[in-house]
Amino acid sequence: MQNLLPLFLCAVFSALASFFLKIGAQSLTGSITIQGMLSNAMIWLGGIFYVTAFMAYVFVLRGTPLTLAQPIITAGASLLTVILATLFLKESMNLINMLGLMSVILGVFLLFSGRG
């Protein structure tokens with residue numbers, strides 16, 4: 001499948017968007033205002049990554065069935081987000097959370113491998 005790189009990039013850009021939005025959201029103090037969000041560099045960076053993921057997604061959808069593209073991107077972004085959050089934000093996942101994530105990834109693998 002020629003769209004593997006764009007699928008991977010969609011997942012990476014989406015995970016990075018969530019990561020930077022989280023950092024930006026944590027740095028907001030007091031009431032959350034539009035002005036506060038618009039003046040926050042991490043929120044801007046997250047938004048830029050979401051726009052980039054959106055553009056890559058449009059490219060992917062030209063040559064990949066939606067029934068494959070969305071699950072693959074969602075599972076990939078979920079896995080990458082967990083990795084970023086645990087490594088850099090020191091968030092934790094318990095065994096049940098990890099089993100759930102692995103189940104999603106296994107399900108996407110089965111979706112993908114079932115295609116000829």
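1. Leucine 68 is buried, with a relative accessible area of 3%. Keep in mind that this is a predicted model. Leucine 68 belongs to helix H4. Its C-alpha lies 6.7 Å from that of phenylalanine 112, although 44 residues of sequence separate leucine 68 and phenylalanine 112.

2. Both of those residues turn up again where the two helices meet: the H4 side of the contact includes Leu68, and the H5 side includes Phe112. Helix H4 spans residues 66-88 and helix H5 residues 95-113; their axes come within 10 Å and cross at roughly 150 degrees. Since angles over 145 degrees count as roughly antiparallel, H4 is roughly antiparallel to H5. As for handedness, H4 passes H5 in a left-handed crossing.

3. Who makes the contact? From H4 come Thr67, Leu68, Pro71, Ile72, Ala75, Ser78, Leu79 and Val82, and from H5 come Leu101, Val104, Ile105, Val108, Leu111 and Phe112. By class, the contact of H4 with H5 has twelve nonpolar residues, two polar ones and no charged ones.

4. Over to another helix: phenylalanine 13 sits in H1, which covers residues 4-27. Is phenylalanine 13 buried or exposed? Its relative accessibility is 18%, and the cut-off for buried is under 20%, so phenylalanine 13 counts as buried.

5. Which residues does phenylalanine 13 touch, leaving aside those up to four places away in sequence? They are Phe49, Thr52 and Ala53. In that part of the chain there is also valine 51, 38 residues along from phenylalanine 13, with 8.7 Å between the two C-alpha atoms.

Definitions and conventions. Residues are numbered from 1 along each chain as its sequence is written. This is a predicted model: local features need pLDDT of at least 70, side-chain atom pairs count only at pLDDT 80 or more; totals for chains, interfaces and linings use all residues. Side-chain values use heavy atoms; hydrogens and water are left out. Helices (H or I, at least four residues) and strands (E, at least two) are DSSP runs, numbered from the N terminus. Buried means under 20% relative accessible area, exposed over 50%, partly exposed in between (1.4 Å probe, protein chains only). Contact means heavy atoms within 4.5 Å. Axes are lines fitted to C-alpha atoms, for helices over the stretch in contact, and angles run from 0 to 180 degrees between N-to-C directions. Angles under 35 degrees count as roughly parallel, over 145 as roughly antiparallel, 65 to 115 as roughly perpendicular and the rest as oblique. A crossing is left-handed if the near helix is turned anticlockwise from the far one by less than a right angle, and right-handed if clockwise. Ala, Val, Leu, Ile, Met, Phe, Trp, Tyr, Cys and Pro count as nonpolar, Asp, Glu, Lys and Arg as charged, and the others, Gly among them, as polar.
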